[in-house]
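Reader: I would like a close look at one part of this protein. Please keep it brisk.

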Amino acid sequence: MTSPVPAPPELAALRSPAAVRARCHLVLDHVLAGHSPHFTVEEGALGAVADYVAAVTRQDYPTLDIPYHSRWRHFDAGGLDRWGALAAGLTSTEPAERARIMIDLAVVSVLLDAGAGDAWRYHEEASGLTIGRSEGLAVASFNMFAAGVFSSDPTNPLRADAPALIRLDAGTLAAHFQVSEANPLVGLEGRVRLVNRLGAALAARPDLFGDGVFRPGHLYDALAPQARLGRLPAARILEALLDGLSVIWPSGVSVDGVALGDVGRHPAVTVPDRSNGIVPFHKLSQWLTYSLLEPFETAGLAVTELDALTALPEYRNGGLLVDLGLIVPRAPIDPAQKHAVSSELVVEWRALTVALMDRLADEVRGQLGLDASLFPLAKLLQGGTWTAGRRIAAERRPPAGPPPIAIDADGTVF
């Protein structure tokens with residue numbers, strides 16, 4: 001794993017949602033000006049996309065009581081409150097430790113997400129359910145956590161700590177995720193390496209992840225003192241994650257030894273410093289931030305300024321915009337042909353997704369009669385665009401509903 005290197009200001013600035021948003025909008029401006037060989041943007045289609053998303057939102061949440069888009073929704077797959085059942089045994093646990101447990105669970109589960117492929121399924125013996133995709137990955141990782149696999153201390157099974165994460169191997173993960181030749185999981189080895197690197201990163205940053213027992217949950221202890229009057233900006237959570245965990249991404253870009261995490265390169269970004277050409281995304285880190293809102297709130301903190309975060313540049317949100325004609329490929333794209341995550345086409349698609357979702361949010365809010373305070377991006381995604389992207393993909397490319405643009409990824413970006 002790349003050793004942590006202090007980042008100069010122009011590179012450190014890329015570890016923020018403001019940089020993600022600003023540079024993705026530069027790419028949108030580039031495409032709108034007609035400079036892209038890959039895509040055009042059909043601005044007139046924005047209303048139709050908003051109609052579709054608003055209809056999906058009303059169908060799934062008739063009262064518009066929409067939760068955050070986070071890993072906690074996936075833990076409820078099949079309508080079962082798995083966390084509630086597990087938490088029932090924590091009634092004597094003080095709120096801070098409950099938050100640490102929730103953070104430990106969310107971090108390892110999110111890092112084991114990132115697309116399962118169409119063939120993989122997880123059978124949960126206790127419920128009898130067989131579940132695929134992100135929900136299946138969530139339930140599999142939840143049950144691994146509940147079994148104490150991520151803890152090195154048998155007397156404290158409900159935690160994730162550096163020694164256990166570092167020693168996790170592909171055989172163990174395959175066994176718990178029920179992977180076989182008949183039940184293949186995309187990016188198994190990549191997921192294991194990511195978890196191993198997480199363990200090493202935790203041990204390297206006692207200021208963020210504890211001294212002695214290194215666990216993701218100690219992020220609560222690092223950030224809680226920074227809350228003013230019990231209020232913690234969402235961007236502060238993301239920035240701490242990027243500061244502490246950017247070194248774990250195996251395919252991430254490094255500049256002068258500084259690991260930048262989930263970023264790409266695009267000619268629309270021209271600046272006179274070492275960040276020239278770089279477009280940050282931090283998709284999994286932002287997904288993780290959304291998934292940490294509830295743990296921090298459990299401990300009594302109010303997480304504020306949610307819309308400082310961006311939409312997630314992944315294939316369900318991006319696929320929605322392609323399938324409904326807002327992002328238009330200049331030439332037909334074969335959905336079976338895989339494109340590298342680092343390719344200019346994919347970087348541009350991801351950047352357009354982030355920027356256009358900002359515009360889409362305002363349109364959908366107008367249709368639903370909700371303002372940004374009641375309907376932040378965290379609820380647009382849940383209500384929302386992620387489900388809409390999955391549904392339109394299944395309509396256009398049944399039965400599995402793969403995205404309109406296929407990504408050659410190792411399970412650690414998308």
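Which residues touch the most other members of the largest nonpolar core?

Author: This is a predicted model. In it, the largest nonpolar core has 137 residues. W83 and F296 touch the most other members. Helix α16, residues 344-368, gives the most to this core, with 14 residues.

Now take F296 itself. Leaving aside residues up to four places away in sequence, F296 touches I103, L219, Y220, L223, L232, I237, L301 and V303.

The C-alpha atoms of P329 and L223 are separated by 43 Å. Along the chain, P329 and L223 are 106 residues apart. P329 sits in strand β10, residues 327-329. Its relative accessible area is 25%, so P329 is partly exposed. Again leaving out residues up to four places away in sequence, P329 touches H38, F39 and V322.

Next, a helix pair. Helix α6 covers residues 95-111, and helix α7 covers residues 133-146. The two pack at an angle of about 135 degrees. Their axes are 9 Å apart. α6 and α7 are therefore oblique to each other. Their crossing is right-handed. From α6, the contact uses I101, D104, L105, V108 and S109. From α7, it uses A138, S141, F142 and F145. Six of the residues in this contact are nonpolar, two are polar and one is charged.

Technical notes:
Residues are numbered from 1 along each chain as its sequence is written. This is a predicted model: local features need pLDDT of at least 70, side-chain atom pairs count only at pLDDT 80 or more; totals for chains, interfaces and linings use all residues. Side-chain values use heavy atoms; hydrogens and water are left out. Axes are lines fitted to C-alpha atoms, for helices over the stretch in contact, and angles run from 0 to 180 degrees between N-to-C directions. Helices (H or I, at least four residues) and strands (E, at least two) are DSSP runs, numbered from the N terminus. Angles under 35 degrees count as roughly parallel, over 145 as roughly antiparallel, 65 to 115 as roughly perpendicular and the rest as oblique. A crossing is left-handed if the near helix is turned anticlockwise from the far one by less than a right angle, and right-handed if clockwise. Contact means heavy atoms within 4.5 Å. Ala, Val, Leu, Ile, Met, Phe, Trp, Tyr, Cys and Pro count as nonpolar, Asp, Glu, Lys and Arg as charged, and the others, Gly among them, as polar. Buried means under 20% relative accessible area, exposed over 50%, partly exposed in between (1.4 Å probe, protein chains only). A nonpolar core is a set of buried Ala, Val, Leu, Ile, Met, Phe, Trp, Tyr and Cys residues joined through side-chain atoms within 4.5 Å.
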